[in-house]
Every structure is written in C-alpha cells, then in structure tokens.
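Biologist: I keep hearing about salt bridges, and I'd like to learn how to read them. Can you walk me through some in the structure we have here?

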Amino acid sequence: MIVSLILAGADTVASGAMSIDIWEVIRNGLAILSLLAGLFFVLGGTLGVLRLPDFFTRLHAAGMTDTLGAELILLGLIIQEGFTQLSLKFFLVAFFLIVTSPTATHAVANAAYQAGLKPLLGKYKAPDPEDIGKEG
Amino acid sequence: MEHMMAYVNLGAAFLILISMAMMLGRLLIGPTLYDRLLAVNSFGTKTVLFLCVFCLVIGRPDGVDIALLYALMNFIATIAVLKYFRYRALDVSLLKSHITKGEGAGK
C-alpha cells in the first residue's frame with residue numbers, strides 16, 4: 001500500500017510536473033564546461049602541431065594537450081551520461097587513453113632522439129615570408 | 001534539455017572533425033618521419049574522441065566499443081611503426097641483450 005503510494009507519487013513527479021530539474025541543469029552545465037575545456041585543449045594542441053617550428057615542440061603540443069583534452073571531453077560525456085554501462089565504457093576509454101597516450105609520446109620522442117634528430121636551440125627567429133615555400 | 005545536449009554534442013563532434021582535418025595537414029607537410037608518425041597518433045586519439053561523442057549524438061552506444069578497440073590498436077600501431085623504422089624488420093626482439101652493437105640502429 002505504502003509502496004504503491006510512493007510509486008504513484010514518483011510517477012506524478014516524473015511525468016506531470018514540467019518544472020526543470022535543478023540537478024539536471026547543474027549536471028549538464030558541468031558537462032558543457034568540461035566539454036568546452038576539452039575542445040579548447042584539443043584545438044589548441046592541433047594548432048600547436050601545425051604552427052610550432054620544431055619536432056620536439058610539436059610533440060610537446062600534441063602529447064600534453066591531447067592527453068588532457070581527451071580526458072576532459074570523456075569526463076564531460078561521463079557526467080552527462082550518469083551511472084550507466086555506457087559511462088563505464090567511456091571510463092575504460094579514458095583509462096586506456098591516459099595509459100597509452102603518454103607512453104606513445106615518450107616512445108616517439110625517444111625514437112627521434114635516438115635517430116639523431118636534434119632539437120632547435122637558440123633564439124627563435126620568425127620565418128621570412130619570402131622563403132616559406134622553399135623549406136617544407 | 002535533451003535536445004540542447006544533443007546540439008552541444010553535435011558541435012563538439014564537428015569541432016573534433018575540424019581538428020582532425022588540421023592534423024591531416026601536418027601529416028602531409030611533416031618534414032620528418034617522426035612528425036608524420038606524431039600526426040597519425042594524434043589523429044587516432046581524435047578519432048576515438050569523435051567516435052565517443054558521435055555515438056551519443058546518434059543515440060547508438062555500439063560505437064563506444066569500436067572506440068575502445070581503436071584506442072588500443074592506435075597505440076600498438078604506433079609502437080609497431082616505430083620498431084619497424086628503427087630495426088627495418090618486425091621480428092626483432094626488443095630485449096637489449098639481443099641487439100648486437102653497431103648493428104640495427106637505423107641512423
């Protein structure tokens with residue numbers, strides 16, 4: 001009897017009231033914040049890979065920001081999904097990314113260093129606009 | 001609320017796609033081999049992110065399994081390509097005692 005009353009009450013709350021659930025608003029706001037931060041890092045890292053002058057600086061941009069950006073985007077997806085099986089899978093993806101991405105970055109850096117690729121040292125000079133096409 | 005989050009996810013997927021296209025630029029113009037390898041690795045990470053976000057957009061959670069698989073395959077592929085370009089063969093043991101001095105380090 002009591003259980004059925006509680007269930008009926010829950011049903012009217014869930015279906016009848018059209019008011020906005022405050023917890024859902026907070027959850028979605030946090031998810032949007034996390035997604036935006038992750039997108040900022042991903043796009044910034046990509047821009048760094050395109051524009052930085054040297055292999056090791058490019059590696060820095062890609063390795064650092066990709067790890068953090070991926071984790072933030074997956075955190076945003078987990079927050080907006082809640083405790084479901086899908087968010088467990090998102091968590092697994094985030095776990096594997098946070099294990100493998102720095103390892104791969106380290107392996108690429110080590111291989112390039114062993115192969116004799118030297119970092120660009122000294123003061124940075126902006127490339128002359130006239131000989132931009134020749135270098136690449 | 002549901003519709004708004006779907007639009008947010010769609011925008012995120014679109015921005016990740018733009019980022020992937022920019023990473024393809026580094027893949028094409030990269031001066032050294034390692035630049036290209038770095039671009040491929042980063043492109044794979046972004047593919048995983050795009051799959052995860054896009055699965056939520058279209059409402060079919062099957063693709064997250066593919067994203068999980070892709071994250072692992074991406075790492076293994078990077079290590080395999082690095083090993084191939086170091087030793088010019090894939091059936092070399094990575095233990096140090098098997099490497100004879102002066103040989104194999106592909107400089």
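This is a predicted model: local features need pLDDT of at least 70, side-chain atom pairs count only at pLDDT 80 or more; totals for chains, interfaces and linings use all residues.

Biologist: Are Asp35(B) and Arg58(A) buried or exposed?

Modeller: Both of them are buried. To call a residue buried, we want its relative accessible area under 20%.

Biologist: Which side chain does Lys46(B) meet in a salt bridge?

Modeller: That would be Asp66(A), at 2.8 Å, N to O. Lys46(B) belongs to helix α2 of chain B and Asp66(A) to helix α3 of chain A, so this pair joins two chains. Lys46(B) and Asp66(A) are buried, too.

Biologist: And what about Lys89(A) and Asp65(B)?

Modeller: Their side chains make a salt bridge at 3.3 Å, N to O. Lys89(A) lies in helix α4 (residues 85-114) of chain A, while Asp65(B) lies in helix α3 (residues 63-87) of chain B, so here again the pair joins two chains.

Biologist: Why is Asp65(B) called partly exposed?

Modeller: Because its relative accessible area is 37%, which falls between the 20% limit for buried and the 50% limit for exposed.

Biologist: How many salt bridges turn up over all chains?

Modeller: Searching the whole structure gives 4.

Key
Residues are numbered from 1 along each chain as its sequence is written. Chains are lettered from A and ligands numbered from 1 in the order in which they are written. Side-chain values use heavy atoms; hydrogens and water are left out. Buried means under 20% relative accessible area, exposed over 50%, partly exposed in between (1.4 Å probe, protein chains only). Helices (H or I, at least four residues) and strands (E, at least two) are DSSP runs, numbered from the N terminus.
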